[in-house]
Amino acid sequence: MLVSSDYPYLQVRVTVRKQSLTFRALLDTGFDGYFIVPESLESQLSAPEFQVKTRLVDGSENMRSQYFAGIEIIASGLVYVARLTLLGDECLYHTPTESNVRSRQGGSR
């Protein structure tokens with residue numbers, strides 16, 4: 001169970017390659033797009049690992065930079081690997097699946 005005094009926001013640490021950034025991310029239980037960070041952060045990250053065509057709610061399609069990232073929910077120590085997409089102006093987080101989660105104390109990714 002995830003607990004946050006700032007619900008529906010959580011403090012998360014995102015690691016792309018060897019670079020880590022900490023964010024306040026909105027937990028969106030209806031969202032299934034991995035992890036979203038604002039486009040304005042692109043200059044703080046290394047070159048994207050790939051580009052992906054995405055379709056937004058309004059039906060528009062765009063190419064978006066994506067990375068593989070380690071995501072840590074700071075309060076719980078929950079760590080998982082997810083695709084990170086640069087989009088919009090807010091961090092969005094979805095609930096990870098068991099297959100991509102490990103605890104900080106052990107396990108493998």
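These legends accompany close-up views of a predicted model.

**View 1. The overall fold is built from strands.**
The protein has eight strands and zero helices. Along the sequence, the pattern reads β-β-β-β-β-β-β-β. The chain holds 109 residues, and 39% of them are buried. Contacts between residues with a separation of 6 or more were also examined by range: 50% of them join residues 24 or more positions apart. The exposed surface comes to about 6,600 Å². Carbon and sulfur atoms supply 51% of that area.

**View 2. The largest nonpolar core has 23 residues.**
Val 14, Phe 35, Leu 84 and Tyr 93 have the most contacts inside this core. At least two core residues come from each of strand 1 (9-16), strand 2 (19-27), strand 3 (35-37), strand 5 (61-73) and strand 6 (78-86). Strand 6 gives the most, with five residues.

**View 3. Leu 84 and its contacts in the predicted model.**
Leu 84 is among the core residues with the most contacts inside the core. Neighbours within four places in sequence are set aside here. Leu 84 then contacts Val 14, Val 16, Phe 35, Val 37 and Leu 45, and also Ser 65, Gln 66, Tyr 67 and Ala 69. Two of these partners, Val 14 and Phe 35, are themselves listed with Leu 84 for the most contacts inside the core.

**View 4. Thr 54 sits in strand 4.**
Strand 4 covers residues 50-55. Is Thr 54 buried or exposed? Thr 54 is buried, because its relative accessible area is 18% and the cut-off for buried is under 20%.

**View 5. A cis peptide bond joins Tyr 7 to Pro 8.**
Omega for this bond is near 10°. Pro 8 lies in the segment before strand 1.

**View 6. Arg 17 has a positive phi.**
Where is Arg 17 placed? Arg 17 is in the loop between strand 1 and strand 2. Phi is about 55°, although Arg 17 is not a glycine. Arg 17 is partly exposed, because its relative accessible area of 46% falls between the 20% limit for buried and the 50% limit for exposed.

Notes
Residues are numbered from 1 along each chain as its sequence is written. This is a predicted model: local features need pLDDT of at least 70, side-chain atom pairs count only at pLDDT 80 or more; totals for chains, interfaces and linings use all residues. Side-chain values use heavy atoms; hydrogens and water are left out. A nonpolar core is a set of buried Ala, Val, Leu, Ile, Met, Phe, Trp, Tyr and Cys residues joined through side-chain atoms within 4.5 Å. Buried means under 20% relative accessible area, exposed over 50%, partly exposed in between (1.4 Å probe, protein chains only). Helices (H or I, at least four residues) and strands (E, at least two) are DSSP runs, numbered from the N terminus. Contact means heavy atoms within 4.5 Å. Accessible areas come from the Shrake-Rupley method with a 1.4 Å probe; for residues, only the protein chains shown count as cover.
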